[in-house]
Amino acid sequence: MAATLPFAKMNGAGNEIIVADMRGSGARVSPAAAIALNAEAATRFDQIMAIHDPRTPGTDFYIEILNSDGSSAQACGNGTRCVVQALAAETGRKLFTFETLAGILNAQEHPDGSVSVDMGKPRFGWQDIPLAEEFADTRAIELQIGPIDAPVLHSPSVASMGNPHAIFWVDQDVWSYDLDRFGPLLENHPIFPERANISIVQVISANEIVMRTWERGAGLTQACGSAACATAVSAARTGRTHRTVSIRQPGGLLAVEWRGDDHVILTGPAEWEFSGVFDPATGAWTRDAESAA
């Protein structure tokens, strides 16, 4: 194996995450390495969170995010919580400021072990999401799947949390929809020039939401933090819920608050699974002896 760097296999509410420590190396995780890691059951993941030395004054670290297909991602709320927990355990610190492609994120570990991330401000303009054509009102756009006279899913709300999201509102149980079939079609629909995260959402009450997400570049996931944020703000924006909601995803429960200053705060758990070292060029890896199964 070539020069290796530390990593931790973690999850945030079931969202499978690899936290890769690239500090001081100058290396980057290659798309080939990401694909190779995802091909093995033990290291299968939704996102890699690669921690790099800071590149902007006032930030602690730069975080590069890769999806399981090797593509780049702008934001990952659940992954950011995993990074916070890993760094808090290492340093004893509780507050961090990260730079990502989606912008500057502030995050905090709480005494109970949960982590909050300020995901920034949502964007609703069609060109900001982005969409391939203009829509004056992105609370519901013209998009459907299924028969034209009886669509299975239709009229999603769309928003950006640094990455594009489409939220389909349904009245039935979210498990009654074949998301693994519809997800790829909608992710790659021409209306989304940068692809999109696709969520099916049922509003239970003004304070509670149930959802499932097909993640851009990762497929079906147990949880998606940025999708939870996009869903919460879209639900409030369309009058379906209050601005603070509990969101139940297959992997667990997240809390989202859309504050009065327009910032979106995502709070939830993070869990360490095991650690090891890996080659960021090839993805070859070994598990640390103390965390061996």
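Mentor: Happy to. A word on terms to begin with: strands here are DSSP runs of E with at least two residues, numbered from the N terminus. Keep in mind as well that this is a predicted model.

Trainee: Good to know. So which strand is T221 found in?

Mentor: T221 belongs to strand β15, which covers residues 219-221.

Trainee: And is T221 buried or exposed?

Mentor: T221 is buried, since its relative accessible area is 6% and the cut-off for buried is under 20%.

Trainee: What does the side chain of T221 reach?

Mentor: The backbone oxygen of A223, at 3.3 Å. There is also a polar contact of 3.0 Å between the side chains of T221 and E215. Leaving out residues up to four places away in sequence, T221 touches N15, D46, T213 and E215.

Trainee: Changing topic: how many disulfides does a search of the whole structure find?

Mentor: The search comes back with 0 disulfides.

Trainee: Are C76 and C82 buried or exposed?

Mentor: C76 is buried, at 5% relative accessible area, and C82 is buried too, at 0%.

Trainee: Now charges. How many salt bridges does the structure hold?

Mentor: There are 14 salt bridges. In one of them, the side chains of E273 and K9 meet with N to O at 3.0 Å. E273 sits in strand β19 (residues 271-278) and K9 in strand β1 (residues 5-12), so this pair ties together parts 264 residues apart in sequence.

Trainee: How accessible are E273 and K9?

Mentor: E273 is partly exposed, with a relative accessible area of 30%, whereas K9 counts as buried at 1%.

Trainee: What about R55, which residue does R55 form a salt bridge with?

Mentor: With E99, and their closest N and O atoms are 3.3 Å apart. R55 is in the loop between β3 (47-52) and β4 (61-67), while E99 is in strand β6 (residues 95-100), 44 residues apart. R55 is exposed, with 54% relative accessible area, but E99 is buried, with 11%.

How values were computed
Residues are numbered from 1 along each chain as its sequence is written. This is a predicted model: local features need pLDDT of at least 70, side-chain atom pairs count only at pLDDT 80 or more; totals for chains, interfaces and linings use all residues. Side-chain values use heavy atoms; hydrogens and water are left out. A disulfide is a pair of cysteine sulfur atoms within 2.5 Å. Buried means under 20% relative accessible area, exposed over 50%, partly exposed in between (1.4 Å probe, protein chains only). Helices (H or I, at least four residues) and strands (E, at least two) are DSSP runs, numbered from the N terminus. A polar contact is a pair of N or O atoms within 3.5 Å; within protein, one must be able to donate a hydrogen and the other to accept it, and residues adjacent in sequence count only if both atoms are side-chain atoms. Contact means heavy atoms within 4.5 Å. A salt bridge is a side-chain nitrogen of Lys or Arg within 4 Å of a carboxyl oxygen of Asp or Glu.
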